[in-house]
Amino acid sequence: MSWLFGLNKGQPEAPPGLPVQPPPPPPAGGSSGGGDKPKDKWSNFDPTGLERAAQAAKELDKSRHAKEALDLARMQEQTTQMEHQTKIKEYEAAVEQLKGDQIKIQAEERRKTLNEETKQHQARAQYQDKLARQRYEDQLRQQQALNEENLRRQEESVQKQEAMRKATIEHEMELRHKNEMMRVEAEAKARAKTERENADIIREQIRLKAAEHRQTVLESIKTAGAVFGEGFRAFVSDWDKVTATVAGLTLLAVGVYSARNATGVAGRYIEARLGKPSLVRETSRFTVAEAIKHPIKTAKRLKSKPQDALEGVVLNPSLEERVRDVAIATRNTRQNNGLYRNILMYGPPGTGKTLFAKKLAMHSGMDYAIMTGGDVAPMGRDGVTAMHKVFDWAATSRRGLLLFVDEADAFLRKRSTEKISEDLRATLNAFLYRTGEQSNKFMLVLASNQPEQFDWAINDRIDEIVNFALPGLEERERLVRLYFDRYVLEPATSGRQRMKLAQFDYGKKCSEIAERTEGMSGREISKLGVAWQAAAYSSEDGVLTEAMIDARVDDAVKQHRQKMDWLHGDDDAKTLTPPPVVGASVGGKMGFNLPLTETPKSQDVMEPALGTSSASAGLGCAEVETTAQSLVTAASSDGVQEEDKPPASPKDGTPV
């Protein structure tokens with residue numbers, strides 16, 4: 001209602017809800033008149049405003065809305081007071097909030113103070129503990145030093161006592177020695193004095209004894225001479241006694257000589273029939289001594305029936321079919337008393353050559369004997385005799401003998417290119433003499449890792465060649481399952497051994513192992529089965545887990561790779577400087593040549609040696625031998641591969 005008093009004249013009135021803006025202050029320069037004299041507070045008062053206010057009050061009193069205007073003014077005043085009270089409450093709330101924040105800040109400060117005090121207490125406790133530990137350690141060191149000092153003093157005391165004891169003993173021994181020497185000296189002096197006093201008596205006794213002994217000897221000689229003289233005179237004078245004596249001595253000499261020769265002949269016969277030669281390492285034939293020591297074993301061997309030749313032998317299908325034909329032919333040959341065929345088995349070590357030879361002998365019903373080529377060279381001059389004993393002993397077998405020569409290349413080397421001793425050459429010639437013709441008494445089976453080193457005459461005596469290669473995937477899986485059953489499942493299920501097997505898929509695990517063991521031989525896989533068994537026995541609970549099997553397989557694979565690296569490293573070191581031609585064979589330390597792409601077939605390698613090649617069918621024996629040697633000749637003792645040479649043309653076309 002400022003318009004009633006003339007305030008804010010000419011300005012629009014503010015709405016009721018908004019605060020009233022104060023009038024702008026007057027200019028600092030004073031009034032418009034520009035006077036410098038200051039004016040009082042009533043200098044700008046306009047009395048007309050009062051008049052208008054009075055006039056408005058009168059009009060308001062006369063107006064019918066006067067009461068509503070007063071009520072409205074009163075309500076505005078109440079609203080203003082309520083707003084002021086609200087602001088006061090907000091201010092009080094803000095003050096309370098500030099107090100609460102201050103309390104929180106004080107609590108936080110107090111908590112920090114407590115944390116710092118706690119840390120200080122902990123640090124103080126740690127420091128005190130450290131001081132206590134140091135004090136305890138110092139006490140221990142002092143106590144240890146004191147103990148060491150006491151021990152040193154005790155040792156010094158013991159040493160002094162020992163020195164005193166030794167000095168006492170030495171003194172006692174010295175006194176005893178002096179006394180003994182004095183006693184011995186006194187006894188010697190007394191004995192010498194006695195002997196000097198009795199010297200005449202002693203000499204007289206010795207003289208009497210010598211005279212008596214001389215008289216006794218002379219009388220004995222006279223008596224013996226008289227007796228022998230009378231006897232010899234009587235013997236010479238009687239011609240019947242002389243004749244009988246000469247005849248008796250003659251008969252005695254003849255008897256001794258005859259008994260000696262007869263004993264030698266009987267011994268050689270018994271040795272040839274029953275004794276095992278020194279070159280034979282293992283045989284199925286039993287001797288008299290073995291029959292006496294092991295009668296039950298001997299009886300079982302006599303009653304044993306022929307076995308399957310491939311029982312327990314895992315080979316690839318083609319090789320299995322071939323060796324089965326060999327076994328059947330050998331068995332039928334024995335039953336019909338025919339001539340046996342000699343066999344050469346070659347291939348990497350551990351591929352089952354020795355095992356098949358034993359199975360072949362058992363299948364055919366023959367006896368078997370195993371000898372190794374390494375035993376021949378050390379025998380020297382006795383090698384020829386020992387070789388003849390072997391074949392004489394083989395000829396006495398009633399069932400027929402399968403003579404298996406393992407590592408045959410050790411003494412059946414080439415006589416022309418190899419530097420062998422004269423004794424070994426003579427032994428080889430004896431072997432060639434005894435095997436020159438096929439026999440119905442024994443069958444020769446040679447096994448070698450280096451067949452290219454055989455002498456040409458040995459190749460001429462071979463009738464069948466079998467290559468025992470490394471097992472493939474299917475053969476490895478069969479071998480893994482075989483040795484897993486033998487070394488793991490059977491001991492685990494028998495219940496008599498400390499071995500258990502964890503739960504996992506055995507068949508799947510065997511297939512995985514077969515895939516991982518590529519390039520390994522049957523012997524290496526069998527050793528892997530033994531390693532699984534050993535791992536189970538070495539565990540705490542005796543349980544063989546899948547992880548243990550995998551660990552042993554990893555070790556075996558690593559070792560196999562290491563062996564192959566060593567083998568290839570030796571091959572690279574022995575390779576000539578010129579590179580090999582394409583398709584040439586790479587000589588390995590295994591002794592046989594392996595091409596770069598595939599394994600050579602036995603027919604391709606040994607066909608010229610057997611004289612079955614169509615190209616050499618019309619050649620003479622000398623030319624066939626030259627051609628075969630040029631194809632079969634391989635690495636010599638220093639590992640250098642010889643080049644194949646074309647066969648020389650014969651001087652004449654007439655075969656020998």
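A residue is called buried when its relative accessible area is under 20%, exposed when it is over 50%, and partly exposed in between, as judged with a 1.4 Å probe and protein chains only. The structure described here is a predicted model, in which local features need a pLDDT of at least 70 and side-chain atom pairs count only at pLDDT 80 or more, while totals for chains, interfaces and linings use all residues. Residues are numbered from 1 along each chain as its sequence is written, and side-chain values use heavy atoms, with hydrogens and water left out.

Of its 656 residues, 26% count as buried. The accessible surface of the chain is about 45,900 Å², and 56% of that surface belongs to carbon and sulfur atoms; such areas come from the Shrake-Rupley method with a 1.4 Å probe, and for residues only the protein chains shown count as cover. A contact is defined by heavy atoms within 4.5 Å. Among contacts between residues at least 6 apart in sequence, 76% join residues at least 24 apart.

Six strands form an open sheet in the order β1-β3-β4-β5-β2-β6, with mixed pairing. Strands β1 (280-283) and β6 (464-467) stand at the edges with a single partner strand each, so one side of each has no neighbour in the sheet. Two strands are taken to pair if DSSP finds at least two bridges between them. On average, neighbouring strands of this sheet are turned by 20° against each other, direction ignored. Strands of a sheet pair through backbone hydrogen bonds, either parallel or antiparallel. Strand β1 and strand β3 (residues 367-372) run antiparallel and are joined by three bridges, with Glu-282 standing opposite Ile-370 in β3.

Two helices are described against this sheet. Helix α8 (residues 353-364) packs on the sheet and touches β1, β2, β3, β4 (401-406) and β5, its direction making about 175° with that of β4. Helix α7 (residues 317-335) lies across β2 (343-346), β5 (442-448) and β6, and runs at about 145° to β6. For these angles, axes are lines fitted to C-alpha atoms, for helices over the stretch in contact, and the angles run from 0 to 180 degrees between N-to-C directions.

Two loop residues were examined for their backbone angles. Most residues other than glycine have a negative phi, and most peptide bonds are trans. Asn-337, in the loop between α7 and β2, has a positive phi near 55° and counts as exposed, at 56% relative accessibility. Glu-407 lies in the loop between β4 and α10 (422-434). The phi of Glu-407 is also positive, near 50°, and this residue is partly exposed, with a relative accessible area of 33%.

Rings of Phe, Tyr and Trp (its six-membered ring) pair if their centres lie within 6.5 Å; planes under 30 degrees apart count as stacked, over 60 as edge-to-face and the rest as tilted. By this rule there are eight aromatic pairs. Phe-411 and Phe-431 form an edge-to-face pair, at 5.7 Å centre to centre with 85° between the planes. The two residues are 20 residues apart, Phe-411 in the loop between β4 and α10 and Phe-431 in helix α10. Phe-411 is buried, with a relative accessible area of 0%, and Phe-431 is buried at 1%. The rings of Phe-484 and Tyr-506 have centres 5.8 Å apart and planes at 45°, so this pair is tilted. Phe-484 belongs to helix α12 (residues 473-494) and Tyr-506 to helix α13 (residues 506-516), 22 residues apart. Phe-484 counts as buried at 2% relative accessibility, whereas Tyr-506 is partly exposed at 24%. One aromatic cluster is formed by Phe-391, Phe-411, Phe-431 and Phe-442.

Helix α14 (residues 522-538) has 17 residues and reaches 24 Å from its first C-alpha to its last, close to the 24 Å expected at 1.5 Å a residue; the expected span is 1.5 Å times one less than the number of residues. Its buried residues include Gly-522, Ile-525, Leu-528, Trp-532 and Ala-536. Gln-533, also in helix α14, counts as buried at 17% relative accessibility. Leaving aside residues up to four places away in sequence, Gln-533 touches Tyr-487, Pro-491 and Met-499.

Terms used:
Helices (H or I, at least four residues) and strands (E, at least two) are DSSP runs, numbered from the N terminus.
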